[in-house]
Amino acid sequence: MIYNTECRLPYIKPEEMTAKQKEFYDIHMKAFQTMPYVWLTENKELNGPSNLFCHEVDLGMEFLPLNRDIIAADIARNGGKAHEIAVLVTVTAAKGQYGMYAHTMLGKSFGLTDEQISSIMAGIKPVDLEEKESAAYDLAVALNGVGAIPGAVYDHCVAVLGQEGFNGIVLAVGMFKLVGTVLNAFNEPVPEYRQEESKNG
């Protein structure tokens, strides 16, 4: 059997972009410089979910600021660790390989340990989470199931996170369910991050 490891949606070279695509690209170049994961190809094309939104650039120009705002709001309300725990649960549930890679790197940057990340990706709740982090994990697991979340989960998580914190996790999980769907649709490959230096620059 031959395994497909290439993205099904062609990457767009910067020199071949329309004016609006180049504007979208330039926003990424400014906003993503500090990201600890590979978000450009060797040829400086946008990869990850940004590749689709460069093709669908009118939607991309709306998606990107919404994505950034939802992430920033959740981190401000719940902290980076709790946010990344919820995102890791979500991209793992979707089996979005690129998302699992990127948020492993982001999770580490917020202080999650390799053991915690590995446990989350194996579907096991880490035993050493703080109260907010534990609630974020429980809520994300419940939201990635089918149907309405249990009332006990809702009540407990609102009590721990507050209503605004609860809302922040809900919006982050919803955003990354969309991201997981995009990554899976186009088979976005994981960069070979073990042997190579980041290609962001």
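The model is a predicted one, in which local features need pLDDT of at least 70 and side-chain atom pairs count only at pLDDT 80 or more, while totals for chains, interfaces and linings use all residues. Residues are numbered from 1 along each chain as its sequence is written, and side-chain values use heavy atoms, with hydrogens and water left out.

The largest pocket comes to about 410 Å³. On a 1 Å grid over the protein atoms alone, a pocket is an open set of points with protein on both sides within 12 Å along at least five of seven lines, a cavity is a set where a 1.4 Å probe fits but cannot get out, and lining residues have an atom within 4 Å of a point. Points are joined across faces, edges and corners, and a volume is the space filled by probe spheres set on them. Of the 29 residues around the largest pocket, Met-35, Tyr-37, Asn-67, Arg-68 and Ile-71 lie nearest its centre. Helix α3 hands over the largest share of this lining, seven residues; helices here are DSSP runs (H or I, at least four residues), numbered from the N terminus. By class, the pocket lining has 19 nonpolar, eight polar and two charged residues. Ala, Val, Leu, Ile, Met, Phe, Trp, Tyr, Cys and Pro count as nonpolar, Asp, Glu, Lys and Arg as charged, and the others, Gly among them, as polar.

Elsewhere, helices α5 (97-109) and α6 (114-121) have axes that come within 10 Å and cross at roughly 145 degrees (axes are lines fitted to C-alpha atoms over the stretch in contact, and angles run from 0 to 180 degrees between N-to-C directions). Met-100, Thr-104, Gly-107 and Lys-108 of α5 meet Asp-114, Ile-117 and Met-121 of α6, contact meaning heavy atoms within 4.5 Å.

Back in α8 sits Val-173. Val-173 is buried, at a relative accessible area of 3% (buried means under 20%, exposed over 50%, partly exposed in between, with a 1.4 Å probe and protein chains only). Leaving aside residues up to four places away in sequence, Val-173 touches Ala-86, Thr-90, Ala-140, Leu-143 and Asn-144. Its C-alpha atom is separated by 8.7 Å from that of Val-89, 84 residues apart along the chain.

Note on methods
Helices (H or I, at least four residues) and strands (E, at least two) are DSSP runs, numbered from the N terminus.
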